[in-house]
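Good morning, and thank you for the time. I would like to walk you through a few features of the structure now coming up on the screen.

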2 protein chains.
Amino acid sequence: MNKTLCTAIAIIAASLTAESYAQQALGSHANVASPEINADKSVTFRLLAPQAKSVLVIGDCLENGYAQMTMTADSVWQFTTAPLQSELYMYNYVVDGMKTTDPANVYQNRDIANIFNIFIVGDAADSKASGNRYMVKDVPHGSVHKVWYDSKKMGMHRRMTVYTPAGYETSGQNYPVLYLLHGMGGDENAWSELGRAVQILDNMIAAGEAEPMIVVMPNGNAGLEAAPGESSLGMVQPFVNLPEAKASFAEHFPEIVEYVDNNYRTKAEKKSRAIAGLSMGGGHSFEISKNNPDTFDYVGLFSAAVRMPGEKRADMKDAKTIEDIKTLFAKQPKLYYIAIGKDDFLMPLNNEYRAILDSFGAPYLYIESDGGHIWRNWRNYLTDFLPRLFK
Amino acid sequence: MNKTLCTAIAIIAASLTAESYAQQALGSHANVASPEINADKSVTFRLLAPQAKSVLVIGDCLENGYAQMTMTADSVWQFTTAPLQSELYMYNYVVDGMKTTDPANVYQNRDIANIFNIFIVGDAADSKASGNRYMVKDVPHGSVHKVWYDSKKMGMHRRMTVYTPAGYETSGQNYPVLYLLHGMGGDENAWSELGRAVQILDNMIAAGEAEPMIVVMPNGNAGLEAAPGESSLGMVQPFVNLPEAKASFAEHFPEIVEYVDNNYRTKAEKKSRAIAGLSMGGGHSFEISKNNPDTFDYVGLFSAAVRMPGEKRADMKDAKTIEDIKTLFAKQPKLYYIAIGKDDFLMPLNNEYRAILDSFGAPYLYIESDGGHIWRNWRNYLTDFLPRLFK
């Protein structure tokens with residue numbers, strides 16, 4: 001930034017007080033750097049809180065999930081982690097028992113009703129390190145559309161996120177489509193924000209590791225038009241008092257495929273369609289692929305709630321369900337992918353489902369990772385799943 | 001939400017502690033309601049902070065910009081405002097001297113490096129009340145695209161936000177275009193987030209108050225690819241160490257018009273193009289309309305920094321500049337709109353510019369509002385400007 005501009009900003013900068021609201025703030029940066037990623041990949045957290053008696057940092061970069069911060073001579077609380085692996089991490093502070101975010105870090109994500117800060121640790125030596133996948137790089141970028149479509153079955157307008165790969169606007173080509181579904185409490189923003197799907201796709205397509213594809217991320221909550229704050233419900237508490245729906249999400253799903261095939265340049269054929277989801281979205285992927293055995297050649301169940309409560313859905317061991325699963329596999333999908341973490345509370349359910357598949361020799365690819373029911377795993381599963389599609 | 005689902009959530013809900021990071025959080029709602037909009041349109045703020053010694057709420061809904069909150073018997077700090085006019089409001093808490101957000105309210109905006117909570121007070125009796133304009137309603141919604149385009153002049157990929165009106169995907173029609181520019185420290189997300197431009201457009205088009213139009217919101221920082229966190233600079237402090245650019249934003253601008261006319265169904269003609277912006281974006285609108293007198297029939301300067309520091313730009317009183325302004329007005333643009341608040345620090349500059357226009361009888365519409373250099377004014381100016389376009 002040149003000096004004239006700096007001076008202009010300095011003159012009109014508002015302070016971190018009530019004055020901020022009287023004029024547009026043009027400065028107001030925090031007076032500490034936090035988080036600071038150090039040369040050895042340790043990370044230093046800082047918080048200016050002179051009157052606090054106790055400050056914790058909590059997050060998935062800390063061995064026990066939390067650490068006590070120490071006040072330094074200049075009233076700044078501070079903690080430095082051990083060197084970290086390349087990854088996207090999330091954290092909060094707890095100041096005198098009150099959970100808060102880091103005022104020095106504007107990068108945040110919302111997960112249902114929780115807001116936390118994020119940072120990414122890269123790895124210059126390994127381009128395929130997880131953290132590197134999640135960074136915005138100087139590569140051709142796809143576009144991200146927030147579109148509304150009419151659902152006759154649901155009797156409502158519904159919002160979804162659509163990623164089109166770099167070059168879509170000018171190539172004139174048709175593309176395969178991945179339908180990518182979120183979990184309980186999530187929405188049409190979840191995969192692009194918490195899941196870093198846009199960055200993962202941009203980077204893997206640019207590196208030639210994934211085929212250029214359209215990725216469709218609808219809202220999987222049957223009764224909701226859109227994410228919290230984006231629907232006519234207004235700025236309500238997320239995921240509270242969900243309206244009843246006229247049909248299940250699985251029953252509604254063919255309308256989405258129809259909309260996408262009508263409005264985007266798709267390859268509208270089984271071999272060019274994939275469906276995958278996490279948790280509830282894994283349950284949706286199970287159900288939708290089973291109900292539409294000629295639609296998807298690739299199915300991904302990430303930590304899947306194969307049998308979800310609260311939806312009109314046949315029991316997994318029901319004769320009709322088994323028959324439908326057999327029909328699906330008789331049509332030889334190119335990939336049926338099941339991934340789950342060793343500590344995931346849905347492991348017993350997934351074991352039960354795999355036993356059913358094994359009972360009639362259905363072929364599937366099974367990935368068992370470390371960890372539990374967490375976004376870190378779902379991002380990794382997506383990264384592992386994408387290169388297997390549309391080959 | 002049905003009972004089975006509630007139970008499922010209750011079972012797997014994570015608490016507001018470090019445990020949140022071990023499994024996906026499915027609950028974790030704050031245990032207070034805040035902000036609560038009361039029947040008389042007063043608003044009650046609450047914060048659970050048992051150990052705090054002093055809590056302030058600061059924001060533009062408070063008479064002096066702040067209020068001291070009072071601790072109630074159950075350790076909840078509380079404050080209720082006077083009844084409020086219909087509007088979008090912003091606030092923060094200051095807990096023992098540390099500025100923070102309201103953990104019970106997931107609705108936030110970022111303005112450069114500041115994150116604050118927002119809420120909207122509606123008005124059932126007046127559909128045109130400001131707050132009602134900013135709410136998501138059950139009307140046909142436009143789509144919002146985050147697209148990247150190549151700039152040869154800048155030698156970089158650049159990101160912009162494009163709004164297409166409801167029905168664009170299927171109508172086959174061509175639409176007029178409004179180019180809508182942000183201020184210093186803003187980015188391609190500013191008008192759609194802080195400015196509520198998407199809701200304003202959706203609601204005014206649905207009510208027949210504005211023509212269906214495409215709205216293009218580029219990034220006006222010449223050296224930047226995209227908003228903070230969305231560019232290959234990574235998750236840097238917003239608006240610090242801006243890279244130098246190869247050309248000014250105004251010099252680059254014709255590339256944006258060319259991209260939009262090539263990639264969207266536009267009416268590619270002067271009478272179907274408008275350009276408007278706030279502060280620095282008002283300066284850009286002044287400059288770009290002057291340099292391209294055959295391109296825009298509608299020009300809006302909102303609290304405009306008519307002469308901005310730090311850009312290669314002729315002085316306003318320069319003979320060439322005056323000549324260019326005269327040329328622009330000789331071509332009789334349908335609307336030249338200047339709006340500014342009585343308390344705006346750019347008032348002297350705007351007076352100076354209007355004196356120049358008056359010196360040769362250039363026709364313009366002048367709106368002088370209350371208030372200063374704030375988003376509340378810019379949203380109002382947009383709402384006032386839109387019905388005047390493309391008639």
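I begin with two tryptophans in chain B: Trp375(B) and Trp378(B) are both buried. Please keep in mind that this is a predicted model.

How do the rings of Trp375(B) and Trp378(B) pair? Across all chains, a search of the whole structure finds 47 aromatic pairs. The pair of Trp375(B) with Trp378(B) is edge-to-face, with 5.2 Å from centre to centre and 80° between the planes.

Turning to chain A, we find a cluster linked by ring pairs. Its members are Trp191(A), Phe302(A), Tyr337(A), Trp375(A), Trp378(A), Tyr381(A) and Phe385(A).

Another kind of ring contact involves arginine. In chain A, Arg354(A) lies over the face of Tyr366(A), 3.5 Å from the ring centre. In chain B, the charged end of Arg354(B) sits over the ring of Tyr366(B), at 3.5 Å from its centre.

Finally, I turn to helix packing. In chain B, the axes of helix α7, residues 280–291, and helix α8, residues 319–330, come within 8 Å and cross at roughly 75°. Angles of 65 to 115 degrees count as roughly perpendicular, and α7(B) and α8(B) are therefore described that way. On the α7(B) side, the contact is made by Phe286(B), Ser289(B), Lys290(B) and Asn291(B); α8(B) contributes Thr321(B), Asp324(B), Ile325(B) and Leu328(B). Sorted by class, this contact has three nonpolar, three polar and two charged residues.

Note on methods. Residues are numbered from 1 along each chain as its sequence is written. Chains are lettered from A and ligands numbered from 1 in the order in which they are written. This is a predicted model: local features need pLDDT of at least 70, side-chain atom pairs count only at pLDDT 80 or more; totals for chains, interfaces and linings use all residues. Side-chain values use heavy atoms; hydrogens and water are left out. Axes are lines fitted to C-alpha atoms, for helices over the stretch in contact, and angles run from 0 to 180 degrees between N-to-C directions. Helices (H or I, at least four residues) and strands (E, at least two) are DSSP runs, numbered from the N terminus. Angles under 35 degrees count as roughly parallel, over 145 as roughly antiparallel, 65 to 115 as roughly perpendicular and the rest as oblique. Contact means heavy atoms within 4.5 Å. Ala, Val, Leu, Ile, Met, Phe, Trp, Tyr, Cys and Pro count as nonpolar, Asp, Glu, Lys and Arg as charged, and the others, Gly among them, as polar. Rings of Phe, Tyr and Trp (its six-membered ring) pair if their centres lie within 6.5 Å; planes under 30 degrees apart count as stacked, over 60 as edge-to-face and the rest as tilted. Buried means under 20% relative accessible area, exposed over 50%, partly exposed in between (1.4 Å probe, protein chains only). A charge sits over a ring if NZ of Lys or CZ of Arg is within 6 Å of the ring centre and within 35 degrees of the ring normal.
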